[in-house]
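Subject: Structure for your review

Dear colleague,

Please find below the sequence and the structure that I am handing over to you. My notes on what was found follow directly after them.

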Amino acid sequence: MNDQQTQRTPRSLIVTFYGAYGRGGTGSADGTAAPVPVAALIRLLGALGVDPPSVRSAVSRLKRRGLLVPARTATGAAAYGLSDDARQLLEDGDRRIFGRPAARLSDGWVLAVFSVPEEERHKRHLLRSRLARLGFGTAAPGVWIAPAQLYEETRHTLERLQLAPYVDLFTGEHAGFAPTADAVARWWDLDALAARHRAFLEEQEPVLARWSRRRSVPPEAAYRDYLLALDAWRQLPYADPGLPSPLLPEGWPGGRAAEVFGRLHATLQAAGARYAHEMTTGD
């Protein structure tokens, strides 16, 4: 999902919605989120330009993946809530998406070394794709590397996907022989990462400028712009694992991209929550 527009699938937008507004705040007495009525999801995704059949199809796929579970509202309406795995996934994502600091050189690295039997080679592909989505770079065939701050999330993810038996995790320092900055440039495609940050800025800086000129924050418009910005942004902290700044090229755009998203979050999130709550409790 390297292109900003390809992120905006109905499935991605539904995950983004649940991450932003579909847990802890829409209303059960114990502080967890009440299940979201299907009719409300259709209204909420409709505000983003998604038609009802696409919403239903995306919900079905997320149900098959075990991320959404069917439920009923207090009035008996069909609804969907988050599975335990989905909650863990979103909690892990919070640490990346909302203000994760860049790693320090002194933090070290986590290595994932895996070996998959030939008869289960489909899991080899799954491991590679999942480690890449977590932000790991490739140090050597079967050896993947990331900043050590990703260790806990990596454990959660591999356990959730039942891939842990094939992987050994190590933490440590880079001890040579090439300078670490040169090695990092081999392990990650920094030009491609920088291009993704710049694409986000090209799209979202005008949105921030537009909101900076407004005196009021209409809830529906705030909801729409915030969900679209969050859907675009939440991919970036996974593609870019938060490498230590001394290892990055001069003029790295990641800090500016994080600043723009942070300002959009501060400006729009609360007003968007009011709209989401109104639409969710409207049944």
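Gln-162 is located in the loop that runs between α6 (151-160) and β7. The model is a predicted one, and the values in this message were computed from it. As background, phi is negative in most residues other than glycine, and most peptide bonds are trans. Is Gln-162 buried or exposed? With a relative accessibility of 62%, Gln-162 counts as exposed, because the cut-off for that class is over 50%.

The bond from Gly-176 to Phe-177 is cis, and its omega is near 20 degrees. Phe-177 belongs to the loop between β7 (167-172) and α7 (180-187).

The helix α6 also takes part in a helix pair. Its partner is α5 (residues 121-134); the two axes come within 11 Å and cross at roughly 150 degrees. This angle makes α5 roughly antiparallel to α6, because angles over 145 degrees fall in that class. The crossing in which α5 passes α6 is right-handed.

Another pair is formed by α2 (residues 38-46) and α11 (residues 254-280). At what angle do α2 and α11 pack? The angle is about 140 degrees, and the axes are 9 Å apart. The helices α2 and α11 are therefore oblique to each other. The crossing of α2 and α11 is right-handed.

Ala-39 lies in α2. Its relative accessible area is 35%, so Ala-39 is partly exposed; this class covers values between the cut-offs of 20% and 50%. Ala-39 and Met-279 are separated by 240 residues in sequence, while their C-alpha atoms are 9.2 Å apart in space.

Ala-185 is part of helix α7 and is partly exposed, because its relative accessible area is 46%. From Ala-185 to Val-38 there are 147 residues in sequence and 46 Å in space, C-alpha to C-alpha. Val-113 sits in strand β4 (residues 109-114). Val-113 has a relative accessibility of 29% and so counts as partly exposed. Val-113 and Pro-10 are 103 residues apart along the sequence, and 34 Å separate their C-alpha atoms.

The remaining topic is the space inside the model. Empty space between atoms is shown by rolling a probe the size of a water molecule over them. How many cavities of 30 Å³ or more does the count give? The count comes to 1 cavity, and the largest cavity holds about 40 Å³ of space. Its lining consists of Ala-103, Arg-104, Leu-105, Gly-108, Trp-109, Pro-147 and Pro-244. By class, the residues of this lining are 5 nonpolar, 1 polar and 1 charged. Arg counts as charged and Gly as polar, so Arg-104 and Gly-108 are the residues of the lining that fall in these two classes. Trp-109, one of the lining residues, is also within the residue range of β4 (residues 109-114).

Yours sincerely,
A colleague

How values were computed
Residues numbered from 1 in each chain as written. Predicted model: local features only at pLDDT ≥ 70, side-chain atom pairs only at ≥ 80, totals over all residues. Heavy atoms only, no water. 1 Å grid on protein atoms, 1.4 Å probe; cavity = no way out; pocket = protein on both sides within 12 Å on 5 of 7 lines; lining within 4 Å. Points joined across faces, edges and corners; volume = space filled by probe spheres on them. Helix = DSSP H or I, 4+ residues; strand = E, 2+ residues; numbered from the N terminus. Buried < 20%, exposed > 50% of the residue type's maximum accessible area, 1.4 Å probe, protein only. Axes fitted to C-alpha atoms, helices over the stretch in contact; angles between N-to-C directions. Parallel < 35°, antiparallel > 145°, perpendicular 65-115°, else oblique. Left-handed = near helix turned anticlockwise from the far one by under 90°.
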